[in-house]
Amino acid sequence: MSAKNKAISESFTTKLLLVLAAIAYVGLILVLPLASVFTEAFRHGLAAFKAAISEPDARAAIKLTLTVAAISVPINMVCGVAAAWAITKHDFPGKNLLITLIDVPFSISPVVAGMMYLLLFGAQGWFGDWLLAHDIRIAFAKPGIVLATLIVTLPFVARELIPLMQSQGREEEEAALTLGAPGWRIFLWVTLPNIRWGLLYGVLLTNARAMGEFGAVSVISGHIRGETNTMPLQVEVLYNEYNFAAAFAVASLLAGLALVTLVVKTLLEWRHGDQLAAAGH
Amino acid sequence: MATISLPRPRHGRGRRHSPLPGLPLTLTVTILWLTVLLLLPLIALFAKSVTLGPAHFIDAAFSRRALASYELSFGAALVAAAVNAVFGLLVAWVLVRYRFPGRRLLGALVDLPFALPTAVAGIALTAVYASSGWVGKPASVFGLQLAYNPIGVVIALTFIGLPFVVRTVEPVLADLGRGLEEAAATLGAGRWTIFRRVILPEIFPSVVTGFALAFARGVGEYGSVIFIAGNMPFKSEIAPLLIVTKLEEYDYAGATAIATVLLLASLLLLLLINAWQGYVLRRRSA
C-alpha cells in the first residue's frame, strides 16, 4: 500500500520545492502588494492615517461608496434572484440566450461599460437633450455611478444561484404547490432556506465589487471632488496629486474590506460548501 | 444497486409546462433588468459606431496609436495569461495534492484579486515594483525596470489573472481519480512521465479555459494597470486608457470606435470560451 502510494506521489524534496515555488509566486504577486498598502498607509503614523481618512473629501467619498453599494447591491440581488427563479424553475424558449446575456458584463471592459452609459445619458447622448430640458443629471452624477456599478456587478448573484438552483430541482416547490401554498410563500419558506448561503455568497461578491469598482465608475463620475468621487476614485485623485500617504490610507480601508470579504467567503466555503454552486468564484 | 424509483415525469425534453407560479413576474423583471442595464447601452454603442460611417470608423479604430494600444493590451494579456497558466497550475496542484502548514491561507489568498479593488491593486503593485519598491529596487540593481513600461502592464495583468487559472484547474484536479496513475506506475512509469502522459492530458482543457478567462479579463483591465503602466502613447498605453483619454478630450467618435473593437473582441472571446467549455463537458461525459 505504502509502496503503491510512493509510486504515485512525489519525493519529499520535490514536494517541498513545488510548495515553496507556489508560496513564492503568491507572495510576490499577491502578498507583497497587499502588505505594501498597509505599510504605506501607516508610514507616517496613526495620527496621519486618521487625519487622512477623516478629511472632508475622504469622508464624502466613503459616504458615497456606501450609498452606491446600498442602492446597487439590493437591486442586483432582487433581479438576480428573479432571473434565477425564471431560469431554473420554468421552461421557456431563449433560456440559454438569457444565461449568456447575464454573463456578458463579466467579459466587457469596465471602461467600455461605463462609456456606454455616457452615450445614453451624457450631453451628446441619446437622452442628453431630454435630460437637460428636465434638469435631470445622470452622467457625472450619482445616478450614473449607480448605473455603472449595477452593470459591472450584474452577474454575481444570478451566476451563483442558477447552477445551485438547477442542481436542487423543483420537487420541493412542487410539493408545496400541491399543498396549496401561494407563490411568494413557496419562495420564502421552501426555496430561500435552500439557497440562503449561496445568496449570501453572491451578495458578498456583489458588494465587494460594488465598493471597489473603478474603471466603469471613473468614466461616468466626472471626478467632482467631494461630490462624485467614490473611494477608489479618491485613491486615484490623491495618488495623482502625489499625496501618497493619504491615497494609501483610503486604499487601506478598501483593502480591509477585501480582507473581510475573503474571510467571510472562506468561512462560507468551509461551513456551507455543499450549499454553494460548484462553480467556484 | 437496484433502487425503486418513484415515477418522475420531469426533467425530460417531453416536459411542457412547469406548474410553479411566478414566471410572468420574474421573467419581466429579468428582461427589464437586462434591457435597461445591458441591451440599451450596447445598442447605443453599436448605433453610435454605425453613425460614424465606415471610413471614419476605420480611421479612428485603427489609427497607429489605437493599433499600438491593442498590441499592448492583447500582447500583455497573452503573456500574463501564459505565466498564470504555468504558475496557476502549480498553485492548484500544490493546493489539491499536498498537505502543508498554511495551505488554507494560501487557498484563501488566491482569491485576493477578486476582492481587492483594482485601483488599490494598481497603486500597491506600483509601490512594490517601482524602482524604489521592495522588488523594484533589487531588480533595478540589475538594470531591470519593472514599472512604467510594458513589463509593468504584464505584472498588473498577472495579478488580476491568477485566480481564474487556479479556480478553474483546482476542481478538475481534485476530481481526478488516481487509478490511471497507479496503473501507469505499475507499468514502470516515473512521476514526470505520469504527469506528462497521464495527468496533464486530463487537466489540460481546464488550464486552457483558465488561460482564456485570464486573457479575456486582462484585455479589458484598466484600474490595476494605469498606475504601473507609465501610459506613454505608442509605448505603454493600453486600449481602455486610450478610450478614457479620448472621452476626456470629448472625442466621443474616437472613443466609440475603439470601444466597439474591444467589445467585439470580448464578445467573441466569451462565445469561444463558452463553446470550448461545452466541448470539454461533452468530451468528459462521453
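User: Where do helix H8 (residues 142-153) of chain A and helix H11 (residues 183-212) of chain A stand to each other, and at what angle do they cross?

Analyst: In this predicted model, the axes of H8(A) and H11(A) come within 9 Å and cross at roughly 140°.

User: Why is H8(A) called oblique to H11(A)?

Analyst: Angles over 145 degrees count as roughly antiparallel and those from 65 to 115 as roughly perpendicular, with the rest, unless under 35, taken as oblique; the crossing is at roughly 140°, and therefore H8(A) is oblique to H11(A). The crossing of these two helices is right-handed.

User: What makes the contact between H8(A) and H11(A), and how do its residues divide by class?

Analyst: On H8(A) the contact is made by Thr149(A), Val152(A) and Thr153(A), and on H11(A) by Thr206(A), Arg209(A) and Ala210(A). By class there are two nonpolar, three polar and one charged residues in this contact.

User: How do you know how the radius of gyration of chain B stands against that of a compact globule?

Analyst: The value for chain B is 24 Å, whereas a compact globule of 286 residues would have one near 19 Å. Along the principal axes, the C-alpha trace of chain B spans about 70 × 60 × 30 Å, and its secondary structure comes to 13 helices and zero strands.

User: What share of chain B is called buried, and by what test?

Analyst: A residue is buried if 20 or more other C-beta atoms lie within 10 Å of its own, and buried residues make up 48% of the 286 residues in chain B.

User: What makes up the contact of chain A with chain B?

Analyst: The contact takes 81 residues from chain A and 79 residues from chain B. On the side of chain A, the largest share, 18 residues, comes from helix H2 (residues 12-41) of chain A, and the residues of that side divide into 56 nonpolar, 13 polar and twelve charged.

Definitions and conventions:
Residues numbered from 1 in each chain as written. Chains lettered and ligands numbered in written order. Predicted model: local features only at pLDDT ≥ 70, side-chain atom pairs only at ≥ 80, totals over all residues. Helix = DSSP H or I, 4+ residues; strand = E, 2+ residues; numbered from the N terminus. Rg over C-alpha atoms; globule rule 2.2 N^0.38 Å. Buried ≥ 20, exposed ≤ 12 C-beta atoms within 10 Å, placed from the backbone. Axes fitted to C-alpha atoms, helices over the stretch in contact; angles between N-to-C directions. Left-handed = near helix turned anticlockwise from the far one by under 90°. Contact = placed C-beta atoms within 7 Å. Nonpolar A, V, L, I, M, F, W, Y, C, P; charged D, E, K, R; others polar.
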